[in-house]
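Good morning, and thank you for coming.

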Amino acid sequence: MEEYMIPCFSKTLFGVECLGCGIQRSLVFLLKGELIAAFKIYPAIYTLILFFLSISLHFIDKRRNYNSPIKWLAIINGFIMITSYLIKINN
């Protein structure tokens with residue numbers, strides 16, 4: 001499965017990892033059932049899954065309002081992604 005991964009555009013052109021680097025490897029670990037390894041590679045993977053699940057429910061279930069969970073999950077994801085990126089580039 002790893003041979004089908006899309007290379008990072010930022011890392012390929014500029015040699016700098018982006019905020020999304022590691023998400024594909026993290027998904028592979030998640031699909032293999034290696035939950036801790038998935039978190040170590042990309043800490044925002046679980047909140048990102050909840051975020052996309054909330055967005056999907058927003059489009060499927062029109063009777064409920066999912067705006068507030070989507071907004072908070074976006075903020076939490078942004079915080080986790082930026083924090084883990086800063087930790088990664090400083091190590």
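In which helix is I76 found? I76 lies in helix α5, residues 67-90; helices here are DSSP runs of H or I with at least four residues, numbered from the N terminus.

A word on the source. This is a predicted model, in which local features need pLDDT of at least 70 and side-chain atom pairs count only at pLDDT 80 or more, while totals for chains, interfaces and linings use all residues. Residues are numbered from 1 along each chain as its sequence is written, and side-chain values use heavy atoms, with hydrogens and water left out.

Is I76 buried, partly exposed or exposed? Its relative accessible area is 37%, so I76 is partly exposed; buried means under 20%, exposed over 50%, and partly exposed in between, with a 1.4 Å probe and protein chains only.

The C-alpha atom of I76 is 9.5 Å from that of F51, 25 residues away along the chain. F51 is buried, at 16% relative accessible area, whereas F52 is partly exposed at 47%.

F51 and F52 form an aromatic pair with 5.4 Å between centres and 65° between planes, which is edge-to-face. Rings of Phe, Tyr and Trp (its six-membered ring) pair if their centres lie within 6.5 Å; planes under 30 degrees apart are stacked, over 60 edge-to-face, and the rest tilted.

Finally, I45 touches I23, S26, L27, L30, A38 and F39, leaving aside residues up to four places away in sequence; contact means heavy atoms within 4.5 Å.

Conventions
Helix = DSSP H or I, 4+ residues; strand = E, 2+ residues; numbered from the N terminus.
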